[in-house]
Amino acid sequence: MTEQVFNQNSTIGQILNHPMGKDIADRLLLKINLPPFFMNNILIKSLQLKHMKLLSGRYIDDDFIKTICTLLNQTKGETITPVSEQQPTWWKEAVFYQIYPRSFKDTDGDGLGDILGIIEKLPYLQQLGVNAIWLSPIYDSPMDDMGYDIRDYKKIFEKYGTMEQFDTLLQEVHKRGMRLIMDLIINHTSDEHTWFKRALENEAPYNDFYISKKGNGNTTPPNNWTSFFSGPAWNYNEEQDRWYLHLFSKKQIDLNWENNELQKEIYDIVNWWLDKGIDGFRLDVINYISKQPELPNGNEVIAKLVGYCGIEHYFYGPRLHEHLRKLRLNTFETHNAVTVGEVPGLGVYMSELLVHESRKELDMIFSFDHLDSPGKSRLDDYLYDLVALKNILIKWQGMGLGSWNTLFFENHDNQRMISKVLGNTNHPLRFPLGKMLAVIHLTLKGTPFIFQGEEIGMINCNSFTSIDQFRDVESLNLYASFLQNGDSKDEALKKVIAGSRDHARTPFQWNDSENGGFSTGTPWIMANPDFKICNADQQNGDATSLLSFYKKLIDLRNNNTVLIYGDFKPTHNLRNDLFCYYRISESETYYIEINLTQKHVPKPLRLKRGELKLVLSNYEGNNFLLRPFEACVYRLNQS
Ligand code: TEU
């Protein structure tokens with residue numbers, strides 16, 4: 001079957017019929033907060049793209065249409081071979097735990113978490129019941145972006161410890177029957193990496209290891225792309241009269257994946273770590289590694305929609321699949337290593353093209369659709385809409401057989417989920433909500449990733465009162481850009497507090513002693529005073545705590561494959577106040593019933609409530625109405 005080539009004469013209906021087109025439409029609707037059915041309108045579907053220019057006035061122009069068609073035409077020949085069943089694997093059955101080492105446990109009093117601290121706390125993780133760890137970067141780094149700016153891939157950052165201590169950590173993890181994956185950042189390196197230093201000396205092949213353009217002496221960057229950390233995405237090197245691309249901080253220089261020598265160097269690094277026995281990697285912004293070769297200007301309309309200019313030219317680049325297939329063939333495949341790709345901006349179809357087992361690229365991905373409510377971005381000050389979450393999760397649960405997704409609400413880049421919904425205070429519904437989120441997290445299909453502190457209900461830090469308390473390069477650059485745009489110091493600080501990644505990076509709250517038991521020194525970032533009322537020690541001994549609830553849920557999942565491989569079937573979808581679904585296998589069925597609101601609401605009509613056996617709930621006793629955030633896990637009695 002000849003695949004359709006898209007151009008401005010293509011209709012919206014033709015675009016929506018293409019899974020990639022559906023993905024693109026979904027992203028646009030999410031960004032402008034229009035309901036999915038908006039595109040189902042027969043009139044809209046019959047419109048040709050070129051007509052959209054007339055209808056939208058200054059918005060949709062030729063460049064916008066060319067961008068959409070380029071993305072669609074790029075998937076030509078990329079196919080998925082259907083499978084008839086889900087292959088069981090350890091990483092589909094595992095519950096992962098993300099450790100942000102800098103904030104986990106400090107054993108030498110220098111105020112930074114370290115490897116010995118992680119070793120010390122392995123028993124805690126084992127008691128929690130998690131079976132795998134994702135370790136955020138511990139490589140040597142100037143720490144401009146807290147380790148996501150690597151200076152030496154084969155060296156441990158000295159304040160975190162030594163390679164010998166890492167080897168001990170890995171042994172101790174494996175001794176406990178757990179696994180460990182590392183963070184792999186191969187879209188960019190630090191500007192202090194030896195490759196970049198040699199590039200600046202024009203030494204081959206390093207002088208082609210990074211994305212750069214001749215400056216021709218002029219002062220304007222090669223294109224209008226902007227950095228995720230404010231300002232233009234280009235550094236100018238006077239001596240060489242060259243511009244270097246940095247999608248992130250000025251000290252994180254984008255690698256040129258068109259260069260085969262670079263690819264081989266990356267393969268060597270990956271195999272070096274796999275030969276040490278690690279179990280896989282989380283791949284940082286891995287969908288950004290292939291850029292449109294001409295590095296064209298970003299479309300201003302798309303830039304306004306997504307908040308960054310140029311992203312359409314690298315979030316799903318022309319050689320992404322080719323690079324990933326070669327990377328896997330030369331590294332992961334021979335070590336049977338698991339990979340989870342962080343893929344900001346990709347939709348369900350694009351993600352299936354990355355993770356379906358017939359594709360031989362990645363194993364699973366972190367999708368971002370659910371991290372903000374429709375029409376909102378992380379930097380907006382708003383309360384999160386759980387009904388929108390439900391619809392997005394139902395969409396992602398639709399990933400086909402042979403594909404696999406992750407389940408996460410938090411990580412080191414996003415605010416604490418309880419605070420997104422209830423605000424930064426110690427809200428009376430903090431723990432019922434935490435338990436409700438845990439039920440979703442551990443009973444949907446996909447591999448759960450718990451971020452450190454999520455299991456005890458850590459919240460955003462309500463004690464940030466000065467920009468001097470922030471550490472994240474993104475927050476500090478944003479503050480400067482807000483001031484530059486005319487905001488007062490208070491206005492700029494308020495905006496930074498709303499979306500700062502530092503909310504996720506305050507030290508783990510172990511107990512109610514100084515600094516929450518994280519460090520006997522001065523922590524690198526302030527400890528959230530919340531540790532006095534919310535900490536692991538206090539919850540460990542309390543059977544009604546969120547921590548105990550997580551343990552019960554993880555145990556339930558670890559011992560019931562229906563919660564891992566069972567089919568997902570939503571029910572009562574029209575009840576916007578509820579999220580109800582089945583998990584179904586040949587031998588058993590679970591029914592999960594959740595109140596998404598802070599109100600008491602009527603239970604959904606179920607003819608045979610008698611057939612339900614309550615297994616776990618975040619409330620004691622039965623109640624005629626569903627209580628605020630009430631979440632119940634039932635097993636159906638087999639008749
Ligand atoms: O994050 C990249 C990413 O897409 C989001 O974190 C988001 O773009 C970013 O927070 C800016 O808005 C990964 C890492 O998780 C993050 O910690 C790093 O800062 C970034 O890549 C660069 O390596």
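This is a predicted model: local features need pLDDT of at least 70, side-chain atom pairs count only at pLDDT 80 or more; totals for chains, interfaces and linings use all residues.
Reader: Fine. Which residues does Phe281 touch?
Author: Leaving out residues up to four places away in sequence, Phe281 touches Tyr139, Ile181, Met182, Leu184, Val270, Trp273, Leu274, Phe332, Val338, Thr339 and Val340.
Reader: And how many residues are in the largest nonpolar core?
Author: That core has 185 residues. Phe166 and Phe281 are the ones with the most contacts inside it. In soluble globular proteins, nonpolar side chains tend to be buried together.
Reader: On to the ligand. How many residues surround it, and which are closest?
Author: The ligand is surrounded by 20 residues, and the closest are Asp145, Asp284, Arg378, Asp413 and Glu474.
Reader: How does that shell divide into nonpolar, polar and charged?
Author: The shell around the ligand has 9 charged, 8 nonpolar and 3 polar residues.
Reader: What distance separates the side chain of Arg378 from a ligand oxygen?
Author: An N or O atom in the Arg378 side chain is 2.8 Å from an oxygen atom of the ligand. For Arg282, a polar side-chain atom lies 3.0 Å from a ligand oxygen. Glu342 has a side-chain N or O atom 3.1 Å from an oxygen atom of the ligand.
Reader: How much of the ligand's accessible area does the protein cover?
Author: On its own the ligand has 480 Å² of accessible area, and the protein covers 96% of that.
Reader: Backbone next. Where is the cis peptide bond at a proline?
Author: The bond from Ala204 to Pro205 is cis, with omega near -5°. Pro205 sits in the loop between helix H10 (194-200) and strand S7 (212-214).
Reader: Which residues other than glycine have a positive phi?
Author: Asp241 is one of them, with phi of about 55°. Val285 is another, with phi near 35°. Most residues other than glycine have a negative phi, and most peptide bonds are trans.
Reader: Where is Asp241, and is it buried or exposed?
Author: Asp241 is in the loop between strand S8 (234-237) and strand S9 (242-245). Its relative accessibility is 16%, so Asp241 counts as buried.
Reader: Where is Ser290?
Author: Ser290 is in the loop between strand S11 (280-283) and helix H12 (300-306). It is buried, at 0% relative accessible area.
Reader: What does Ser290 contact?
Author: Apart from neighbours within four places in sequence, Ser290 is in contact with His313, Tyr314, Gly317, Pro318, Arg319, Leu320 and His323. A polar atom of the Ser290 side chain lies 2.8 Å from the backbone nitrogen of Arg319.
Reader: Last one, Trp272. Where is it, and what does it touch?
Author: Trp272 lies in helix H11 (residues 260-275). Beyond residues up to four places away in sequence, Trp272 touches Lys154 and Met163. Trp272 is partly exposed, with a relative accessible area of 29%.
Reader: And how far apart are Trp272 and Tyr153 in sequence and in space?
Author: Trp272 and Tyr153 are 119 residues apart in sequence and 9.6 Å apart in space, C-alpha to C-alpha.

Technical notes:
Residues are numbered from 1 along each chain as its sequence is written. Side-chain values use heavy atoms; hydrogens and water are left out. A nonpolar core is a set of buried Ala, Val, Leu, Ile, Met, Phe, Trp, Tyr and Cys residues joined through side-chain atoms within 4.5 Å. Buried means under 20% relative accessible area, exposed over 50%, partly exposed in between (1.4 Å probe, protein chains only). Contact means heavy atoms within 4.5 Å. A residue is near a molecule or strand if one of its heavy atoms lies within 4 Å of it. A polar contact is a pair of N or O atoms within 3.5 Å; within protein, one must be able to donate a hydrogen and the other to accept it, and residues adjacent in sequence count only if both atoms are side-chain atoms. Accessible areas come from the Shrake-Rupley method with a 1.4 Å probe; for residues, only the protein chains shown count as cover. Ala, Val, Leu, Ile, Met, Phe, Trp, Tyr, Cys and Pro count as nonpolar, Asp, Glu, Lys and Arg as charged, and the others, Gly among them, as polar. Helices (H or I, at least four residues) and strands (E, at least two) are DSSP runs, numbered from the N terminus.
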